[in-house]
Amino acid sequence: MYTHPVPDDFAAQRDYLDKLELTLTGIAQKDPPYSDGPIKFDGFRPDVRDLGLDWPTTAFSMVGRKRLHNFRRLIERVIRSEIPGDIIETGVWRGGASILARAVLKAWNVTDRRIIVADSFQGLPPPNAEIWPLDRDSDLHVYPELAISLEQVRANFESFGLLDEQVVFLKGWFRDTMPTVPSTCLSIIRLDGDMYESTIDPLTHLYDRLSPGGWVIVDDYFMIPACKAAVHDFIGELAGEGLAVVLISSELPEVMGLADRLIVMKEGRIVDEFQRGRWSAEAIVGAATGARKEAA
Ligand SMILES: C[S@@+](CC[C@H](N)C(=O)[O-])C[C@H]1O[C@@H](n2cnc3c(N)ncnc32)[C@H](O)[C@@H]1O
(Lines give C-alpha, C1' and ligand atoms only; values in the text may rest on other atoms or scores of the structure.)
Protein backbone atom coordinates (compact mmCIF):
# COMPACT_ATOMS: atom_id res chain seq x y z
CA MET A 1 0.00 0.00 0.00
CA TYR A 2 1.27 3.48 -0.86
CA THR A 3 1.30 5.88 2.08
CA HIS A 4 3.96 8.47 1.17
CA PRO A 5 2.34 11.67 -0.16
CA VAL A 6 2.64 12.38 -3.88
CA PRO A 7 4.43 15.73 -4.46
CA ASP A 8 2.12 18.65 -5.33
CA ASP A 9 4.03 19.26 -8.56
CA PHE A 10 4.12 15.55 -9.47
CA ALA A 11 3.57 16.05 -13.22
CA ALA A 12 6.51 18.47 -13.46
CA GLN A 13 8.74 16.17 -11.40
CA ARG A 14 7.82 13.18 -13.56
CA ASP A 15 8.67 15.19 -16.66
CA TYR A 16 12.02 16.22 -15.11
CA LEU A 17 12.89 12.59 -14.27
CA ASP A 18 11.86 11.41 -17.77
CA LYS A 19 14.17 14.00 -19.34
CA LEU A 20 16.94 13.16 -16.90
CA GLU A 21 16.80 9.50 -17.98
CA LEU A 22 17.23 10.54 -21.60
CA THR A 23 20.15 12.85 -20.78
CA LEU A 24 21.96 10.45 -18.43
CA THR A 25 21.90 7.68 -21.04
CA GLY A 26 22.95 10.02 -23.88
CA ILE A 27 19.76 9.40 -25.85
CA ALA A 28 18.87 13.11 -25.77
CA GLN A 29 22.31 14.09 -27.09
CA LYS A 30 22.62 11.12 -29.53
CA ASP A 31 25.93 10.40 -27.83
CA PRO A 32 27.85 7.87 -29.98
CA PRO A 33 29.33 4.70 -28.41
CA TYR A 34 33.03 4.05 -27.86
CA SER A 35 34.30 2.42 -31.00
CA ASP A 36 36.80 0.25 -29.10
CA GLY A 37 34.52 -1.15 -26.38
CA PRO A 38 34.02 -4.94 -26.16
CA ILE A 39 30.66 -4.75 -27.98
CA LYS A 40 30.88 -2.69 -31.16
CA PHE A 41 28.12 -0.64 -32.76
CA ASP A 42 28.51 1.88 -35.57
CA GLY A 43 27.27 5.27 -34.44
CA PHE A 44 24.44 6.12 -32.06
CA ARG A 45 21.52 3.65 -32.11
CA PRO A 46 18.53 4.59 -29.94
CA ASP A 47 17.38 0.96 -29.75
CA VAL A 48 20.81 -0.17 -28.52
CA ARG A 49 21.07 2.65 -25.98
CA ASP A 50 17.54 1.99 -24.78
CA LEU A 51 18.66 -1.51 -23.79
CA GLY A 52 22.07 -0.38 -22.50
CA LEU A 53 24.12 -2.58 -24.80
CA ASP A 54 26.91 -0.11 -25.68
CA TRP A 55 29.26 2.23 -23.82
CA PRO A 56 28.40 5.91 -24.37
CA THR A 57 31.32 8.21 -25.18
CA THR A 58 30.34 11.06 -22.88
CA ALA A 59 26.95 10.26 -21.28
CA PHE A 60 26.73 9.45 -17.59
CA SER A 61 25.33 5.92 -17.53
CA MET A 62 25.81 2.83 -19.68
CA VAL A 63 22.84 0.90 -18.27
CA GLY A 64 20.41 2.18 -20.90
CA ARG A 65 17.05 3.83 -20.50
CA LYS A 66 15.02 0.71 -19.65
CA ARG A 67 17.18 -0.44 -16.75
CA LEU A 68 17.53 3.14 -15.53
CA HIS A 69 13.75 3.51 -15.60
CA ASN A 70 13.36 0.24 -13.70
CA PHE A 71 15.72 1.59 -11.00
CA ARG A 72 13.64 4.77 -10.77
CA ARG A 73 10.37 2.81 -10.51
CA LEU A 74 11.72 0.68 -7.68
CA ILE A 75 13.02 3.74 -5.82
CA GLU A 76 9.59 5.33 -6.18
CA ARG A 77 8.02 2.12 -4.91
CA VAL A 78 10.13 1.97 -1.76
CA ILE A 79 9.46 5.66 -1.13
CA ARG A 80 5.73 5.36 -1.65
CA SER A 81 5.36 2.22 0.44
CA GLU A 82 7.78 3.55 3.09
CA ILE A 83 10.20 0.62 2.93
CA PRO A 84 12.99 2.10 5.08
CA GLY A 85 16.62 2.40 4.14
CA ASP A 86 19.34 3.99 2.11
CA ILE A 87 20.02 3.10 -1.51
CA ILE A 88 23.39 1.75 -2.58
CA GLU A 89 24.87 1.25 -6.02
CA THR A 90 28.01 -0.89 -6.16
CA GLY A 91 29.69 -0.09 -9.48
CA VAL A 92 28.80 3.41 -10.62
CA TRP A 93 31.19 4.27 -13.51
CA ARG A 94 30.41 7.96 -14.31
CA GLY A 95 27.66 7.94 -11.69
CA GLY A 96 24.59 8.15 -13.95
CA ALA A 97 22.31 5.63 -12.21
CA SER A 98 23.21 7.01 -8.78
CA ILE A 99 22.62 10.56 -10.03
CA LEU A 100 19.13 9.50 -11.09
CA ALA A 101 18.58 7.92 -7.66
CA ARG A 102 19.48 11.21 -5.94
CA ALA A 103 17.17 13.08 -8.31
CA VAL A 104 14.27 10.73 -7.48
CA LEU A 105 14.72 11.39 -3.75
CA LYS A 106 14.70 15.11 -4.46
CA ALA A 107 11.62 14.91 -6.69
CA TRP A 108 9.77 13.06 -3.92
CA ASN A 109 10.97 15.45 -1.18
CA VAL A 110 12.79 12.64 0.63
CA THR A 111 15.41 13.92 3.06
CA ASP A 112 15.93 10.88 5.33
CA ARG A 113 17.56 8.49 2.85
CA ARG A 114 21.04 8.57 1.35
CA ILE A 115 22.52 7.35 -1.89
CA ILE A 116 25.70 5.37 -1.24
CA VAL A 117 27.98 5.48 -4.27
CA ALA A 118 30.50 2.62 -4.08
CA ASP A 119 33.29 2.09 -6.57
CA SER A 120 37.04 1.67 -6.82
CA PHE A 121 36.97 4.83 -8.96
CA GLN A 122 39.82 3.19 -10.85
CA GLY A 123 38.02 0.53 -12.89
CA LEU A 124 37.55 -3.20 -12.33
CA PRO A 125 40.02 -5.44 -10.49
CA PRO A 126 42.10 -7.95 -12.45
CA PRO A 127 40.57 -11.41 -12.10
CA ASN A 128 41.62 -13.38 -9.06
CA ALA A 129 40.97 -16.79 -10.60
CA GLU A 130 42.38 -18.72 -7.67
CA ILE A 131 39.61 -17.49 -5.41
CA TRP A 132 36.97 -16.76 -8.06
CA PRO A 133 37.50 -19.20 -10.96
CA LEU A 134 34.51 -17.86 -12.92
CA ASP A 135 36.26 -14.48 -13.30
CA ARG A 136 39.13 -16.22 -15.11
CA ASP A 137 38.24 -14.81 -18.55
CA SER A 138 37.26 -11.30 -17.48
CA ASP A 139 39.41 -8.65 -19.16
CA LEU A 140 37.38 -5.57 -18.20
CA HIS A 141 40.22 -4.32 -15.97
CA VAL A 142 42.23 -3.44 -19.07
CA TYR A 143 39.75 -0.81 -20.31
CA PRO A 144 40.77 2.70 -19.21
CA GLU A 145 37.27 3.84 -20.26
CA LEU A 146 35.91 2.07 -17.16
CA ALA A 147 38.22 3.88 -14.72
CA ILE A 148 36.45 7.10 -13.69
CA SER A 149 37.92 9.05 -10.80
CA LEU A 150 36.01 10.02 -7.67
CA GLU A 151 36.61 13.70 -8.49
CA GLN A 152 34.98 13.22 -11.90
CA VAL A 153 31.94 11.43 -10.44
CA ARG A 154 31.53 14.14 -7.81
CA ALA A 155 31.71 16.75 -10.58
CA ASN A 156 29.06 14.83 -12.55
CA PHE A 157 26.68 14.95 -9.57
CA GLU A 158 27.43 18.64 -9.18
CA SER A 159 26.69 19.37 -12.84
CA PHE A 160 23.09 18.26 -12.18
CA GLY A 161 22.87 20.23 -8.92
CA LEU A 162 22.63 16.93 -7.00
CA LEU A 163 25.79 16.83 -4.90
CA ASP A 164 24.94 17.22 -1.20
CA GLU A 165 25.08 15.45 2.15
CA GLN A 166 22.57 12.83 0.98
CA VAL A 167 25.24 11.46 -1.38
CA VAL A 168 27.92 9.33 0.31
CA PHE A 169 30.96 8.12 -1.63
CA LEU A 170 32.69 4.86 -0.72
CA LYS A 171 36.01 4.43 -2.50
CA GLY A 172 37.93 1.17 -2.78
CA TRP A 173 37.67 -2.46 -3.85
CA PHE A 174 34.40 -4.05 -2.76
CA ARG A 175 36.29 -6.79 -0.94
CA ASP A 176 37.59 -4.06 1.41
CA THR A 177 34.74 -1.54 1.44
CA MET A 178 31.62 -3.72 1.67
CA PRO A 179 32.13 -4.63 5.35
CA THR A 180 32.41 -0.88 6.08
CA VAL A 181 29.32 0.41 4.23
CA PRO A 182 28.06 3.25 6.45
CA SER A 183 24.44 2.09 6.62
CA THR A 184 22.72 -0.69 8.52
CA CYS A 185 19.43 -0.36 6.69
CA LEU A 186 19.10 -0.50 2.91
CA SER A 187 15.97 -0.36 0.77
CA ILE A 188 17.64 -0.98 -2.60
CA ILE A 189 20.95 -2.61 -3.43
CA ARG A 190 21.92 -2.08 -7.08
CA LEU A 191 24.81 -4.34 -8.09
CA ASP A 192 26.70 -3.39 -11.24
CA GLY A 193 30.25 -4.69 -10.88
CA ASP A 194 30.41 -6.94 -13.97
CA MET A 195 32.35 -9.79 -12.28
CA TYR A 196 31.67 -12.75 -9.99
CA GLU A 197 33.82 -11.20 -7.25
CA SER A 198 32.18 -7.81 -7.67
CA THR A 199 28.71 -9.37 -7.32
CA ILE A 200 29.27 -11.88 -4.51
CA ASP A 201 31.18 -9.49 -2.21
CA PRO A 202 28.35 -6.89 -2.01
CA LEU A 203 25.70 -9.63 -1.77
CA THR A 204 27.52 -11.33 1.09
CA HIS A 205 27.97 -8.16 3.11
CA LEU A 206 24.81 -6.21 2.28
CA TYR A 207 21.95 -8.66 1.89
CA ASP A 208 21.37 -8.91 5.66
CA ARG A 209 20.93 -5.14 5.78
CA LEU A 210 18.09 -5.13 3.23
CA SER A 211 14.71 -4.09 4.64
CA PRO A 212 11.80 -6.52 4.19
CA GLY A 213 10.13 -5.42 0.95
CA GLY A 214 13.41 -3.98 -0.40
CA TRP A 215 15.06 -4.89 -3.69
CA VAL A 216 18.33 -6.25 -4.98
CA ILE A 217 18.91 -5.33 -8.63
CA VAL A 218 21.61 -7.30 -10.43
CA ASP A 219 22.35 -5.27 -13.54
CA ASP A 220 24.56 -7.95 -15.09
CA TYR A 221 22.35 -10.97 -14.40
CA PHE A 222 21.36 -11.64 -18.01
CA MET A 223 24.54 -10.29 -19.66
CA ILE A 224 27.43 -11.78 -17.70
CA PRO A 225 27.18 -15.50 -16.81
CA ALA A 226 29.67 -15.17 -13.93
CA CYS A 227 27.37 -12.62 -12.25
CA LYS A 228 24.38 -14.91 -12.65
CA ALA A 229 26.46 -17.74 -11.16
CA ALA A 230 27.33 -15.51 -8.18
CA VAL A 231 23.61 -14.93 -7.54
CA HIS A 232 22.91 -18.67 -7.83
CA ASP A 233 25.73 -19.48 -5.40
CA PHE A 234 24.43 -16.87 -2.98
CA ILE A 235 20.90 -18.30 -3.17
CA GLY A 236 22.44 -21.73 -2.49
CA GLU A 237 24.12 -20.29 0.62
CA LEU A 238 20.84 -18.82 1.88
CA ALA A 239 19.08 -22.14 1.32
CA GLY A 240 21.97 -23.91 3.10
CA GLU A 241 21.31 -21.68 6.12
CA GLY A 242 17.73 -22.96 6.14
CA LEU A 243 16.04 -19.98 4.48
CA ALA A 244 13.20 -20.56 2.04
CA VAL A 245 13.88 -18.79 -1.26
CA VAL A 246 11.13 -18.21 -3.80
CA LEU A 247 12.58 -18.04 -7.31
CA ILE A 248 10.34 -16.92 -10.16
CA SER A 249 11.90 -17.75 -13.51
CA SER A 250 11.04 -18.92 -17.00
CA GLU A 251 14.55 -20.33 -17.54
CA LEU A 252 14.44 -24.10 -17.32
CA PRO A 253 18.15 -24.75 -16.58
CA GLU A 254 17.98 -22.14 -13.82
CA VAL A 255 14.98 -23.61 -12.01
CA MET A 256 16.14 -27.20 -12.52
CA GLY A 257 19.57 -26.25 -11.17
CA LEU A 258 18.33 -24.40 -8.09
CA ALA A 259 14.91 -25.54 -6.98
CA ASP A 260 13.95 -28.28 -4.53
CA ARG A 261 10.25 -27.90 -5.30
CA LEU A 262 8.93 -26.58 -8.57
CA ILE A 263 5.49 -25.09 -9.11
CA VAL A 264 4.58 -24.62 -12.78
CA MET A 265 2.29 -21.75 -13.71
CA LYS A 266 0.49 -21.14 -16.98
CA GLU A 267 -1.57 -18.04 -17.69
CA GLY A 268 -1.47 -17.02 -14.02
CA ARG A 269 -2.62 -20.39 -12.67
CA ILE A 270 -0.75 -23.23 -10.96
CA VAL A 271 -0.89 -26.19 -13.35
CA ASP A 272 1.59 -28.66 -11.85
CA GLU A 273 4.06 -29.31 -9.07
CA PHE A 274 7.26 -31.37 -9.00
CA GLN A 275 9.81 -32.40 -6.36
CA ARG A 276 13.54 -32.49 -7.15
CA GLY A 277 14.48 -35.90 -8.55
CA ARG A 278 10.96 -36.50 -9.83
CA TRP A 279 11.01 -34.15 -12.77
CA SER A 280 12.29 -34.02 -16.32
CA ALA A 281 12.66 -31.06 -18.68
CA GLU A 282 10.07 -32.67 -20.90
CA ALA A 283 7.51 -33.00 -18.10
CA ILE A 284 8.03 -29.39 -16.96
CA VAL A 285 7.76 -27.95 -20.46
CA GLY A 286 4.73 -30.19 -21.06
CA ALA A 287 3.03 -28.76 -17.97
CA ALA A 288 3.92 -25.16 -18.87
CA THR A 289 2.64 -25.46 -22.42
CA GLY A 290 -0.42 -27.58 -21.63
CA ALA A 291 0.85 -30.55 -23.66
CA ARG A 292 1.19 -32.79 -20.56
CA LYS A 293 -2.44 -32.32 -19.57
CA GLU A 294 -3.66 -32.97 -23.10
CA ALA A 295 -1.60 -36.19 -23.27
CA ALA A 296 -2.95 -37.45 -19.90
C1 LIG B 1 29.64 -1.37 -15.70
S2 LIG B 1 30.35 -0.15 -14.70
C3 LIG B 1 28.95 0.47 -13.83
C4 LIG B 1 27.95 1.21 -14.69
C5 LIG B 1 27.11 2.20 -13.94
N6 LIG B 1 26.24 1.58 -12.98
C7 LIG B 1 26.32 3.10 -14.86
O8 LIG B 1 25.26 3.61 -14.43
O9 LIG B 1 26.73 3.33 -15.97
C10 LIG B 1 31.20 -1.11 -13.51
C11 LIG B 1 31.81 -0.29 -12.39
O12 LIG B 1 32.10 -1.17 -11.32
C13 LIG B 1 33.33 -0.83 -10.72
N14 LIG B 1 33.82 -2.08 -10.10
C15 LIG B 1 33.72 -3.32 -10.60
N16 LIG B 1 34.21 -4.21 -9.75
C17 LIG B 1 34.63 -3.54 -8.66
C18 LIG B 1 35.20 -3.94 -7.42
N19 LIG B 1 35.45 -5.22 -7.13
N20 LIG B 1 35.49 -2.99 -6.51
C21 LIG B 1 35.22 -1.68 -6.78
N22 LIG B 1 34.69 -1.24 -7.95
C23 LIG B 1 34.38 -2.16 -8.88
C24 LIG B 1 34.17 -0.28 -11.85
O25 LIG B 1 35.13 0.63 -11.37
C26 LIG B 1 33.11 0.41 -12.74
O27 LIG B 1 33.01 1.77 -12.43
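A residue counts as buried here if 20 or more other C-beta atoms lie within 10 Å of its own, exposed if 12 or fewer, and partly exposed in between, with C-beta atoms placed from the backbone. What you're looking at is a predicted model: local features need pLDDT of at least 70, side-chain atom pairs count only at pLDDT 80 or more, and totals for chains, interfaces and linings use all residues. To find your way, count residues from 1 along each chain as its sequence is written. Helices (H or I, at least four residues) and strands (E, at least two) are DSSP runs, numbered from the N terminus.

**Stop 1: helix α1**

Select residues 10–24, which form α1. Color Leu-17, Leu-20, Glu-21 and Leu-24: these are the buried residues of the helix. They sit on the same side of α1, because they cover an arc of only 100° around the axis (the arc is that of the directions from the helix axis to the C-beta atoms).

What do the buried residues of α1 pack against? Show α3 (64–80) and α4 (96–107), and there's your partner pair. Just past the end of α1, click on Gly-26, which has a positive phi of about 85°.

**Stop 2: the core**

Next, the largest nonpolar core, with 60 residues. Such a core is a set of buried Ala, Val, Leu, Ile, Met, Phe, Trp, Tyr and Cys residues joined through C-beta atoms within 7 Å. Ile-75, Leu-100, Ala-101 and Val-104 touch the most other members, and α4 gives the most to this core, eight residues. Zoom in on Val-104: leaving aside neighbours within four places in sequence, Val-104 is in contact (C-beta atoms, placed from the backbone, within 7 Å) with Leu-17, Arg-72, Ile-75 and Glu-76.

**Stop 3**

**Stop 4: helix α8**

Finish at residues 225–240, helix α8. Pick out its buried residues, Ala-226, Cys-227, Ala-230 and Val-231. They fall within an arc of 145° seen down the axis, so they line one face of α8. Among what covers them are α7 and β5 (210–218). Just after α8, Gly-242 takes a positive phi of about 95°.

How values were computed
Expected span 1.5 Å × (residues − 1). Contact = placed C-beta atoms within 7 Å.
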